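Subject: Structure handover

Hi,

Here is the structure I promised to pass on to you. Have a look at it first, and then read on for what turned up.

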Amino acid sequence: MIAPTLQMTGLVPVADIDTRNRLRPVSTAGVESIIASIGEVGVMKDPIHVRRKKGGQLVLIAGGHRLEAAKRLGWIEIEAKVWVDVTDDWSRMMEIDDNLAGAELNPLDTALFLAARKEVYERLHPEARAKTGAALAAWAWMFKAFTQRDWTIFTQTYAQPVRLGKYHPGATEAEKATLMRALANIAGDMAAMIPESMMIDFIEAANVGAAHALYKERSDWLDQQVSKAVLGQTATTDAVTGGLGSGKEHRQVQEDIERADAKALSAILNRDLVRPFVMLNHGPQKAYPRIIIARPEQEDLAAFSSAIGPMIDRGLEVDQEAIREKFGLAAPKPKAQLMMPIGARSAPDLP
């Protein structure tokens, strides 16, 4: 790909610059700010950027607000940097960076420009694309498909013995053809008929079992990698032997991934959906609603009971209502039959 070249920096006709197909329209406030700045200092501080196409047409790359300010001031020409050998992606990247580095954008425009920049950058630099779990799983699936194909070919070739036909020196072409048909069909038919003067030997391949296991181990290994990439663990997908502790460890890893994904999704929705939605409908706010995606943490009530009992015995005062709420128990109704500790009931009076 030819690198863009700066052809010249100088005055170009304002009316000749094409401003179509822009990511966002110019804002009145931005244009008026530039006009005010020109009124104070007498000049436009920065030139605009345009591309010259092969037909000579000038297309705006960056500086939409400056160009609009020049039009409103009645300028015939404007200072510009003119580029040639420019691709559409390079031009779009320049436009995006000019907007991101300029005046502060609202959240909606920021999200739009960042998404567009990521799309263009990944087209220009395919190696920079994130290797997500789905991409890793796709590669593993492809390698497994090749392994299964080779495994099928191996099984078809070596699972059955090699058939070796022998004919006598004076055999005719018809007899040779008969022997060849018998060799080809004996695997499926399990029977063949040949002249008495001919013979068929079966030759077993050595170490077939070890080679067969190699394909199976590769397929199983690739399945495990897909499980790790997608779920972060293999305990729930593969019958891999392991103790209870190993299973708990896998579950903890899975929960960590779940929390991280939920947190990231909440942040994206709050930044790119909730905040822009509120601003568009109600204007800027001091505080914004928040979306929280999370699973309620399960408390170990058995451990809590074991810890709170000795503390109460040592004089810690605990509200019964708080304990009932933690365990989901309602307060007893009047005259209800109560469950009591063993030995807490008074002994019956003796006669």
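Let me start with a charged pair: Arg 117 and Asp 97 form a salt bridge, and their closest N and O atoms are 2.6 Å apart. Because Arg 117 belongs to helix α4 and Asp 97 to helix α3, the pair ties together parts that are 20 residues apart in sequence. Both ends count as partly exposed: Arg 117 has a relative accessibility of 27%, and Asp 97 has a relative accessible area of 30%. Please keep in mind that this is a predicted model.

A second salt bridge involves the side chains of Asp 89 and Arg 123, at 2.6 Å from N to O. Here too the pair links distant parts of the chain, with Asp 89 in helix α3 and Arg 123 in helix α4 (residues 107–124), 34 residues apart. Are the two partners buried or exposed? Asp 89 counts as buried because its relative accessibility is 18%, under the 20% cut-off. Arg 123, at 40%, is partly exposed.

Now for a pair inside one helix. Glu 68 and Arg 72 meet through their side chains in a salt bridge of 3.3 Å, N to O. Why are they separated by about one helical turn? They are four residues apart in helix α2, so that is the spacing between them. Glu 68 is partly exposed at 23% relative accessibility, and Arg 72 is partly exposed with a relative accessible area of 43%.

There is also a network of salt bridges, which links Arg 22, Arg 92 and Glu 95. In the whole structure, the search finds 13 salt bridges.

Five strands make up an open sheet with mixed pairing, in the order β1-β5-β3-β4-β2. Its edge strands are β1 (5–13) and β2 (17–18), each of which pairs on one side only. Further in, strand β3 (residues 48–52) pairs with strand β5 (residues 77–84) in the parallel sense, over four bridges. If you want a residue to look for, Val 50 has Val 82 in β5 as its bridge partner.

Two of the helices already mentioned meet this sheet. Helix α2 (residues 64–72) lies across β2, β3, β4 (58–62) and β5, and runs at about 125° to β4. Helix α3 (residues 88–100) packs on the sheet and touches β3, β4 and β5, with its direction at about 45° to that of β4.

What about the surface? One nonpolar patch there is formed by Met 311, Ile 312, Leu 316 and Val 318, with about 300 Å² of accessible area together. Ile 312 sits in helix α9 (residues 301–313) and counts as partly exposed, at 40% relative accessibility.

Finally, some totals for the protein chain. It has 10 helices and seven strands, and 21% of its 351 residues count as buried. The chain exposes about 25500 Å², of which carbon and sulfur atoms supply 58%. Among contacts with a separation of 6 or more, 66% come from residues 24 or more positions apart.

Happy browsing, and write back whenever you like.

Best wishes

Notes
Residues are numbered from 1 along each chain as its sequence is written. This is a predicted model: local features need pLDDT of at least 70, side-chain atom pairs count only at pLDDT 80 or more; totals for chains, interfaces and linings use all residues. Side-chain values use heavy atoms; hydrogens and water are left out. Buried means under 20% relative accessible area, exposed over 50%, partly exposed in between (1.4 Å probe, protein chains only). Contact means heavy atoms within 4.5 Å. Accessible areas come from the Shrake-Rupley method with a 1.4 Å probe; for residues, only the protein chains shown count as cover. Patches are made of residues with over 30% relative accessible area and no salt bridge: like charges are joined within 9 Å, nonpolar side chains (Val, Leu, Ile, Met, Phe, Trp, Tyr) within 5 Å. A salt bridge is a side-chain nitrogen of Lys or Arg within 4 Å of a carboxyl oxygen of Asp or Glu. Two strands pair if DSSP finds at least two bridges between them. Axes are lines fitted to C-alpha atoms, for helices over the stretch in contact, and angles run from 0 to 180 degrees between N-to-C directions.
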